[in-house]
Amino acid sequence: MMLKKILKKSAYFLFVISAVFLLLEVCFRFQVIDFYSTEWKLLNKNADKGKASKKILVFGDSYSATTDGYIQMLRDSFPEYQFYNASIPGTGIRQTALIAAKRINEVKPDLIIYQVYVGNDLTDIKHPINWSNLPFSRNCYWKISDHLLFIHYLNYWSGQFASHSEVIPGKVDSIFSIDKYNPREKLFVKSDPYVFENAITLNGTDSLLFKQLIEDTKSTFSEYIKSGKIYFLIIPHEIQVNKTYYENMKMLGCSFKYSYEDLNGHYSFRDKFIREFGDKVLDPLPYLQQNDSAANLFFANDPHLTPKGQKALSSFLIKTCFSNLK
């Protein structure tokens, strides 16, 4: 009798929890409330609200979601333009697709820049599950969050953006350390040692994930793609920029079929983006390579751009995207 009551209460509890999460998932997918309003307000507190000749709206992840990165540098360089930053750390096309219409309707931009990242934009669509090498809890979280986006949002909110004070990568040491390197990146490598090379070359299942990325991108920005008022900024992985990073990742556990010298000759991620969107694709890789002889454009223990890296990215955009913008 007691066991029956316990089972009944447990079933009721599971039903309530499932119903609550289902409701939250629906609210999140339809953005019933603006779940990313804090980021939106923070990243645009320095935006000039006065009259501007052009309004430019940027979507992206943590490479763009900074208060003092390349977007702010572009604001300083082009005061006649009004830059709006709709980037969100730790997200990809699935989250961007949820907020894009609202941000576009609010800003009504003359131009959109969509920043993508080779390193995890594909794993953001489907995480690299590995039941043998990763903790059970990590695999379960990745598996569930691939289907329930609100679970990912909860983790993001409690972790990456807990303080709500800044949207920049944490300060890291200047010397590479396996122990101190970004734990999320180490999980990716532990799950699949070829994870970053496969993203660059689109080997294996990454080819299918890339197709999904392109389909979702076209659906999200269809009107701006048709009008040609959009640029796609592809941030390369650090292993593509300098051999030092490449060798560091090998020490971290990464495996490679291609040498550093040969890797970018198989840059299918970029090449297929260009095949889809032509000269609207902005590829800063050669520029970053030329300006990173000292291996200081990326943090030693984090895959993000340093302030020097952000400055180099800003300079690249000024020389390319904005040099002929009228």
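**Close-up views of a predicted model**

**View 1. Strand β2 (residues 81-85) is largely enclosed by the rest of the structure, because 5 of its 5 residues are buried.** Buried means under 20% relative accessible area, exposed over 50%, and partly exposed in between, with a 1.4 Å probe and protein chains only. Strands (E, at least two residues) and helices (H or I, at least four) are DSSP runs, numbered from the N terminus. Tyr81, Phe83 and Asn85 point one way from β2, Gln82 and Tyr84 point the other way, and all are buried. In a regular strand the side chains alternate between the two faces of the sheet.

This is a predicted model in which local features need pLDDT of at least 70 and side-chain atom pairs count only at pLDDT 80 or more, while totals for chains, interfaces and linings use all residues. Residues are numbered from 1 along each chain as its sequence is written, and side-chain values use heavy atoms, with hydrogens and water left out.

**View 2. Strands β1 (residues 54-59) and β2 run parallel and are joined by 5 bridges.** Two strands pair if DSSP finds at least two bridges between them. Phe83 in β2 is the bridge partner of Ile56. From β1 the chain crosses through helix α3 (residues 70-77) to β2 in a right-handed β-α-β crossover. Right-handed means that, with the strands pointing away from the viewer, the path from the first strand over the helix to the second runs clockwise.

**View 3. Gln31 lies in the loop between α1 (2-29) and α2 (37-43).** Its phi is positive, about 45°, although Gln31 is not a glycine. Gln31 counts as buried because its relative accessibility is 13%.
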